[in-house]
Amino acid sequence: MIFEDMNPKKVQAIKKFLGDKKALIADDKKTTRTTLKKILTEFGVKVQHIFIADNNSDASEIINDLKIDIVFAGYNVGSEKGIDLLNTHMNVFPNRQRAIFSLISGPNSIASSCLILDTEADDYIAEPFTTKSIADSFLKIVERKITSSPFLNAYHKTKELIFLNELDTARKIIEPLKLGQNHLDEIYYLEARVFQEEGNTEEALKLFEMALEVNDSHYLSLKSLVEEYSNLKMWKNAYTHTIKLLNNYPINPENLPELIRLSIANQQYEDLIKYAEFFSGLEVQSPCLKTNIAASLVICSNYFMKNKERDKGVKTLLEAVKHSSGKFSILEKIISIFIEYKEVKLAYDILNQFEPLHGENPSYRNLEIQIDYCNKDIKSVLKKGIPLAESGAANIEVYEVVILSSIQAQRKTNSIIHLIDKAAAKFPERSKYFQSMYKE
């Protein structure tokens, strides 16, 4: 039983809180809807006050029309994200003190837990769940909601006013709160948000930093500082606060592109390997994010190669291949780095692996010819390279190796000059170099 062994006064307070509440279950799975409906009625929500939707459009309409107090939203509702309903719910209840929004998480429960930190959602229920785990989660939310104090009342009211852009009124509530000694991290954060909404970034930054002096792991202040310093292109400051975030909170997979960019901007290439390892551990992997990880590993490996950490560079490039999803633009960079650093066999193995996918691509043939040249296979370079050069599909490296191979093979002068003219016409910025390659 939900209320077994609970203080009768608390039970009465919970039932009073929920007695007149309307609830919406937005989920496309019938079993989930049935379970949640049963739990809500056991908590005292009236059956006639529980509504069902299996898509966001209907859910939004129900929230707006019926002023729904409690929303349970699936991580995915049909083809849409359940979290998208939160903004609709906030427009109806900008003061979140007595409203509830709970997310039923998908396989990436890490992403769901981060959404709780990043948004006004109250909690998430990780799948697979039981009736007991849902009931326990909901009970904790309700217990928080029925807890009241002058500070909590002022805190929620101030957040509501900021959401409604009533900033002067919000500031009037904040001012007396600053006279006390409690909750200063939250108070400085709220004041910073007022300045932020007014466009006064300088004052906002000061107050976010003051919040961290009180509580060095205050999530919303750290997150805001990372965002603001990034907007100002103050990469070092943004990175410093990002590390503090990562030391205290889980990585949100959706933030990986920003984290990668920040690490690259600060030349913290070792971070990119850690992000790749984290991504590999996710049960559900976004294809777009996967190629983003691959591209970052290419940058990382190039750094290692240039700094004579060859083994680490090779290992990282091979890892990039695994994350590339066969995307040619990434494979091309990987193979080019292997060619540049004379890892010809590895370059050939990767090229051969993806021939069924990209074999007809002229850029694929360009790489193949460069590998032939590295292997001193002049005959293959000329056989494959001359038609590519004549068609104008050769890249600058292939024009170069075909010209050099033609000279080594002692082809006719007119044929060599013809190739040089073709190369110079396609790459006029390198015209002098091509002209200097051969003297009659």
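**Which residues in α22 meet which residues in α23?** Tyr399, Val402, Ile403, Ser406 and Ile407 do it from the α22 side, and their partners in α23 are Ile416, Leu419, Ile420, Lys422, Ala423 and Lys426. Contact here means heavy atoms within 4.5 Å.

A quick note on what you're looking at: this is a predicted model, where local features need pLDDT of at least 70, side-chain atom pairs count only at pLDDT 80 or more, and totals for chains, interfaces and linings use all residues. Residues are numbered from 1 along each chain as its sequence is written, and side-chain values use heavy atoms, with hydrogens and water left out.

**View 1. Helices α22 and α23, side by side.** Here α22 (residues 396-408) and α23 (residues 413-426) pack at about 165°, their axes 10 Å apart. That angle makes α22 roughly antiparallel to α23; the label goes to angles over 145 degrees, while under 35 is roughly parallel, 65 to 115 roughly perpendicular and the rest oblique. Axes are lines fitted to C-alpha atoms, for helices over the stretch in contact, and angles run from 0 to 180 degrees between N-to-C directions. Helices themselves are DSSP runs (H or I, at least four residues), numbered from the N terminus, and strands are E runs of at least two. The α22/α23 crossing is left-handed, a name used if the near helix is turned anticlockwise from the far one by less than a right angle, with clockwise being right-handed. By class, the contact of α22 with α23 has 8 nonpolar, 1 polar and 2 charged residues (Ala, Val, Leu, Ile, Met, Phe, Trp, Tyr, Cys and Pro count as nonpolar, Asp, Glu, Lys and Arg as charged, and the others, Gly among them, as polar).

**View 2. Helix α14 against helix α15.** The axes of α14 (residues 270-280) and α15 (residues 287-306) come within 9 Å and cross at roughly 150°, so the two are roughly antiparallel to each other. Their crossing is left-handed. From α14 the contact takes in Glu270, Leu272, Ile273, Tyr275, Ala276 and Phe279, and from α15 it takes in Leu289, Lys290, Ile293, Ser296, Leu297, Cys300 and Phe304. Sorted by class, the α14/α15 contact has 10 nonpolar, 1 polar and 2 charged residues.

**View 3. The other partner of interest: α15 with α16.** These two pack at about 165° with axes 8 Å apart, which makes α15 roughly antiparallel to α16. α15 passes α16 in a left-handed crossing. Among the residues in contact are Ile293, Leu297, Cys300 and Phe304 of α15, along with Val314, Leu317 and Ala320 of α16. The class count for α15 with α16 is 10 nonpolar, 5 polar and 5 charged residues.

**View 4. Helix α9 and what covers it.** α9 (residues 184-198) has 15 residues that should span 21 Å at 1.5 Å a residue, and its end C-alpha atoms are 21 Å apart, which agrees; the expected span is 1.5 Å times one less than the number of residues. The helix is mostly covered, with 11 of its 15 residues buried. Buried means under 20% relative accessible area, exposed over 50%, and partly exposed in between (1.4 Å probe, protein chains only). The buried set in α9 includes Leu184, Ile187, Tyr188, Leu190 and Phe195, plus Asp185, Glu191 and Arg193. Their cover includes α7 (150-163), α8 (167-177), α10 (201-214) and α11 (219-231). Glycine 199 follows α9, with a positive phi near 90°.

**View 5. Helix α7, with histidine 156.** α7 has 14 residues and reaches 20 Å from first C-alpha to last, close to the 20 Å expected at 1.5 Å a residue. Its buried residues, including Phe151, Tyr155, Leu161 and Ile162, pack against α8 and α9. Histidine 156 also sits in α7 and is buried, at 16% relative accessible area. Leaving aside neighbours within four places in sequence, histidine 156 touches Asn95, Arg96 and Gln97.

View 6. Serine 325 is partly exposed, with a relative accessible area of 48%.
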